[in-house]
Amino acid sequence: MSETKNNVSSGFLLGAASSSYQVEGGNIHSDWWQAGEEGKVPKAGQASDYWNRFKTDHELAQRIGLNALRVSIEWSRVESEPGKFDEAAIAHYREVFTDIKNRGMQLFVTLHHFSLPNWAADKGGFFCSAVRDSFEGFSLRMLKEFRDVVDGWVTINEPEVYATMGYALGLWPPFRKNRLSWLRMQRMLGVIHRRVYRAMKSAYPKAVVGIVKNLHYYAPANPKNVFDRFLAQSAHYFGNELGVNSIYRHTDFLGVNYYFSHQLRFPLRGLDIRTNQEPKTDMNWPIYAEGLYKVLASLRRFQLPVYVTENGLADAADSHRKNYIRDHLTAVKKAASEGIDIRGYFYWSLTDNYEWADGFGPRFGLIEIDYETQERKIRESAKVFKEFA
Ligand code: BGC
């Protein structure tokens, strides 16, 4: 294997992110596919057909002016049966990654982005020690295959979201609603990250390995009210800080996905999470760019390199996206100017895609997809990146 660059560029990364199950299509060996067949979630089908159209999408990314992409590897594709690696799938990912690198873009790759191979889900997912062993094996194999082209690795995407949606709310595979399992899964994902991090670093110390967290901004509804302030601080501690505390010594960088801000009011039968900041996205999420600055600023004490690994909105009419990106990038700049070591920003998402249990309705893409024809069109808002490039 030829040794080329494996260190992330010193320049600021301006990129877009996606995940395999949401864009590739045809991931028939995944637990999400199975859930789609059983009618528990919308079917993903061909999704945005990235499996076949990756070159077109990379070319459009270049045209937008991006210098980095974050993608993921579908574990169920490369290891559709335990211990049996599919050489054709591996060769396919090499083509995808090489194409990104040949276009001069930096490449971040996620190893677990919500979906599991069916066989792993059948064994109990990450609660099963054999599955954890296999995930480590898969990660090491991917490192061995692609360490010459991948600039940054993400072990796990948003452990807290994965645990909450699948184990507390029961909306995603494995559709559990059990608080104990939720807490255990959160803890387990931290353990897995640390283990995979150690294994990857000892196999290849030059690998840049991190984790991606979904961090929210919590504000007191009334900043003068001591109880509101207490609620906001507690939510920040339990929702953001505790998770980062458990991994910051075992990661080369912290990936931050920022979508949400909340105002907390006391008492009102516990938490009153108001989402009354205007405007809102098509999914009714409030837009609050200053919250990204606050979240980044709150990470100062961890002294870690930070990437915003996801930030974006569903906006089919493309009426808020331009300002959204501009404002969030301004928030990033502000945090950077105050000494936070922030090295890149990835918009979510490069193209429209399968938004998990919400199916194909929400439109997050810089590139619009016509799902009938799979035609691509760069949205007007994407031009904003030229201002920052
Ligand atoms: C996830 C993505 C998802 C996005 C928008 C993040 O939580 O990593 O997979 O599509 O948010 O909901």
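**Entry 1: the second largest pocket**

I began with the elements α2 (31–37), α6 (118–122) and α8, each of which supplies at least two residues to the lining of the second largest pocket. I note that this is a predicted model. I looked up the volume of this second largest pocket and found about 260 Å³. I counted 17 lining residues, and Asp31, Ala121, Asp122, Pro173 and Pro174 lie nearest the centre. By class, I have eight nonpolar, four polar and five charged residues in this lining.

**Entry 2: the largest pocket**

I turned to the largest pocket, with a volume of about 1400 Å³. Its lining has 47 residues. Nearest its centre I found Glu160, Val161, Thr164, Asn214 and His216. Two or more lining residues come from each of α8 (159–168), α9 (179–203), β5 (209–214) and α10 (226–245). I noted that α9 gives the most, with seven residues. I sorted the lining by class: 27 nonpolar, twelve polar and eight charged.

**Entry 3: the ligand**

Where does the ligand sit? I found it in the largest pocket. I listed 14 residues around the ligand; Gln22, His113, Glu158, Glu310 and Glu355 come nearest. This shell holds six nonpolar, five polar and three charged residues.

I then checked polar side-chain atoms against oxygen atoms of the ligand. For Glu158 I read 2.5 Å. For Gln22 I read 2.8 Å. For Trp356 I read 2.9 Å. Last, I looked up the cover: on its own the ligand has 310 Å² of accessible area, and the protein covers 94% of that.

Notes:
Residues are numbered from 1 along each chain as its sequence is written. This is a predicted model: local features need pLDDT of at least 70, side-chain atom pairs count only at pLDDT 80 or more; totals for chains, interfaces and linings use all residues. Side-chain values use heavy atoms; hydrogens and water are left out. A residue is near a molecule or strand if one of its heavy atoms lies within 4 Å of it. A polar contact is a pair of N or O atoms within 3.5 Å; within protein, one must be able to donate a hydrogen and the other to accept it, and residues adjacent in sequence count only if both atoms are side-chain atoms. Accessible areas come from the Shrake-Rupley method with a 1.4 Å probe; for residues, only the protein chains shown count as cover. On a 1 Å grid over the protein atoms alone, a cavity is a set of points where a 1.4 Å probe fits but cannot get out, and a pocket is an open set with protein on both sides within 12 Å along at least five of seven lines; lining residues have an atom within 4 Å of a point. A molecule sits in a cavity or pocket if more than half of its atoms lie within 2 Å of its grid points. Ala, Val, Leu, Ile, Met, Phe, Trp, Tyr, Cys and Pro count as nonpolar, Asp, Glu, Lys and Arg as charged, and the others, Gly among them, as polar. Grid points are joined across faces, edges and corners, and a volume is the space filled by probe spheres set on the points. Helices (H or I, at least four residues) and strands (E, at least two) are DSSP runs, numbered from the N terminus.
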